[in-house]
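This briefing covers charged pairs and a nonpolar surface feature. Please look over the sequence and the structure first.

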Amino acid sequence: MGGNLWVSALPTSEDIPEEVLATEIIIEAKSPKDNQPLTAAEYTLLKEEIRVSNFPPQIDSELRHKIFLLRILKLLKTFSFQ
């Protein structure tokens, strides 16, 4: 009777242990620019290209405005005594 309890507590044979997943080598990636699949070599080249770029990445003006408003809201909350 106690043996059945131990068998049900074990993971199924389809489960991959977390230790194995942590050591898994990723050989595919997605481009941070357009989300297209890349090989590991292409991803490395793209990351290096982005790193040495003379210009910072461009942020959409609408997103930049929302970030600005969130920063103002955060500032106002520091002065709020509610």
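Helix α3 spans residues 40–51 and holds both E48 and R51, which are three residues apart, about one turn of the helix. The model is a predicted one. Across the whole structure, a search finds two salt bridges, and E48 with R51 is one of the pairs that form such a bridge.

- The closest N and O atoms of E48 and R51 are 2.7 Å apart.
- E48 has 38% relative accessibility, so E48 counts as partly exposed.
- R51 counts as exposed because its relative accessibility is 61%, and the cut-off for exposed is over 50%.

- K66 and E62 form a salt bridge, with 3.5 Å between the closest N and O atoms.
- Both K66 and E62 belong to helix α4, which covers residues 61–79, and they sit four residues apart, about one turn of the helix.
- K66 counts as partly exposed because its relative accessibility is 45%.
- E62 has a relative accessibility of 48%, so E62 also counts as partly exposed.

**Nonpolar patch on the surface**
- Four residues, F68, L69, I72 and L76, make up a nonpolar patch on the surface.
- Together, F68, L69, I72 and L76 have about 380 Å² of accessible area.
- F68, one of the patch residues, is located in helix α4.
- The relative accessibility of F68 is 48%, so F68 counts as partly exposed.

Methods: Residues are numbered from 1 along each chain as its sequence is written. This is a predicted model: local features need pLDDT of at least 70, side-chain atom pairs count only at pLDDT 80 or more; totals for chains, interfaces and linings use all residues. Side-chain values use heavy atoms; hydrogens and water are left out. A salt bridge is a side-chain nitrogen of Lys or Arg within 4 Å of a carboxyl oxygen of Asp or Glu. Helices (H or I, at least four residues) and strands (E, at least two) are DSSP runs, numbered from the N terminus. Buried means under 20% relative accessible area, exposed over 50%, partly exposed in between (1.4 Å probe, protein chains only). Patches are made of residues with over 30% relative accessible area and no salt bridge: like charges are joined within 9 Å, nonpolar side chains (Val, Leu, Ile, Met, Phe, Trp, Tyr) within 5 Å. Accessible areas come from the Shrake-Rupley method with a 1.4 Å probe; for residues, only the protein chains shown count as cover.
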